[in-house]
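Work through the exercises below with the structure in view. Try each task before reading its solution.

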Amino acid sequence: MKVLLLKDPKDKDSGPDPYIKELGLHGFEATLIPVLSFEFVSPESLFEKLSHPECYGGLVFTSPRALEAIKICLKENSKNEAWSNSLKQKWNTKPAYVVGKATASLVEEIGLIPQGEKSGNAEKLAEYICSREKPNSSALLFPCGALKREVLPTVLREKGIPLESLTVYQTTQHADLQESLSSYFSQQGIPASVVFFSPSGVKFCLQHIQKLSKDFINHIKFAAIGPTTAEAMEAAGIPVSCTAESPTPPDLAAAIQKTLHPQNC
């Protein structure tokens, strides 16, 4: 059975995408189509803020792209040296809150120690942060995307925990998205399941999928990587057949297995 994954490939070049690999172990033929393109902005502003850890109570990361933005601004030798020689150690005296495992591994790559990676979504991460931070303490620095959801900032604000957001990337539709979707449906037909990995993916893909599927769209089981994406799907009128318990390859594969082969569970 075929599964279409509407996500970008994993960042590292080694080996297959973990979602494709895990679904393969469950007997599914998964195909990945990149949905989003990212433009990184404000590298100087980001490094300026990273240069003053004494002004902040810690860091908050809800997207791997925010870590990519940091890596980009640290590529310059002088900035990388400043990070390695002193800034990294100073930031390591403060928490680096993260929303999931993918973000946590990137935090570790820049030399910091992640906290809260089992949260899985912004709502749970906000609760975790509130359980550890005191009101009216130093602000947490939050490098984020232009399309960030307001759940985490709102919860922290209500609890009196200061958060300083900085937009470090913008999200746009991948240039080849429409062509890639058309090619997939013409060559492989209607997939048994389509998985959305972000609200942006729903926004950019749904109209194309509806057009390509025509009357067969009711045969597709639509899956969500998490509750935020599921909400976006429901708001767009898509029936959500399953949502991964946490945003990991095994949990997504288990949810799809249960949906497509309920008798085997």
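A salt bridge is a side-chain nitrogen of Lys or Arg within 4 Å of a carboxyl oxygen of Asp or Glu. The model used here is predicted.

**Exercise 1. Find the salt-bridge partner of Glu 109 and say which parts of the chain the pair ties together.**

Step 1. Glu 109 forms a salt bridge with Lys 71. Their closest N and O atoms are 2.3 Å apart, and the cut-off is 4 Å.

Step 2. Glu 109 lies in helix H5 (residues 101-109) and Lys 71 in helix H3, so the pair ties together parts that are 38 residues apart in sequence.

Step 3. Glu 109 is partly exposed, with a relative accessible area of 39%. Lys 71 also counts as partly exposed, at 32%.

**Exercise 2. Describe the salt bridge between Arg 65 and Glu 68, and the network they belong to.**

Step 1. The closest N and O atoms of Arg 65 and Glu 68 are 2.5 Å apart.

Step 2. Both residues lie in helix H3 (residues 64-73). They are three residues apart, about one turn of the helix.

Step 3. Is Arg 65 buried or exposed? Buried means under 20% relative accessible area. Arg 65 has 15%, so it counts as buried.

Step 4. The whole structure has eight salt bridges.

**Exercise 3. Compare the exposure of Lys 79 and Glu 76, which meet in a salt bridge.**

Step 1. The N to O distance between their side chains is 3.8 Å.

Step 2. Lys 79 is buried, at 8% relative accessibility. Glu 76 is partly exposed, at 42%.

**Exercise 4. Locate Glu 117 and list its contacts.**

Step 1. Glu 117 sits in the loop between strand S6 (114-115) and helix H6 (122-132).

Step 2. Leave out residues up to four places away in sequence. Glu 117 then touches Val 98, Val 99, Gly 100, Lys 101 and Ala 104.

Step 3. The relative accessibility of Glu 117 is 29%, so Glu 117 counts as partly exposed.

**Exercise 5. Describe the lining of the second largest pocket.**

Step 1. The volume of this pocket is about 160 Å³.

Step 2. Its lining has 13 residues. Ile 217, Asn 218, Phe 222, Ile 238 and Pro 239 lie nearest the centre.

Step 3. Helix H9 (199-213) and strand S10 (221-224) each supply at least two lining residues.

Step 4. Sort the lining by class: seven nonpolar, five polar and one charged.

Key
Residues numbered from 1 in each chain as written. Predicted model: local features only at pLDDT ≥ 70, side-chain atom pairs only at ≥ 80, totals over all residues. Heavy atoms only, no water. Helix = DSSP H or I, 4+ residues; strand = E, 2+ residues; numbered from the N terminus. Buried < 20%, exposed > 50% of the residue type's maximum accessible area, 1.4 Å probe, protein only. Contact = heavy atoms within 4.5 Å. 1 Å grid on protein atoms, 1.4 Å probe; cavity = no way out; pocket = protein on both sides within 12 Å on 5 of 7 lines; lining within 4 Å. Points joined across faces, edges and corners; volume = space filled by probe spheres on them. Nonpolar A, V, L, I, M, F, W, Y, C, P; charged D, E, K, R; others polar.
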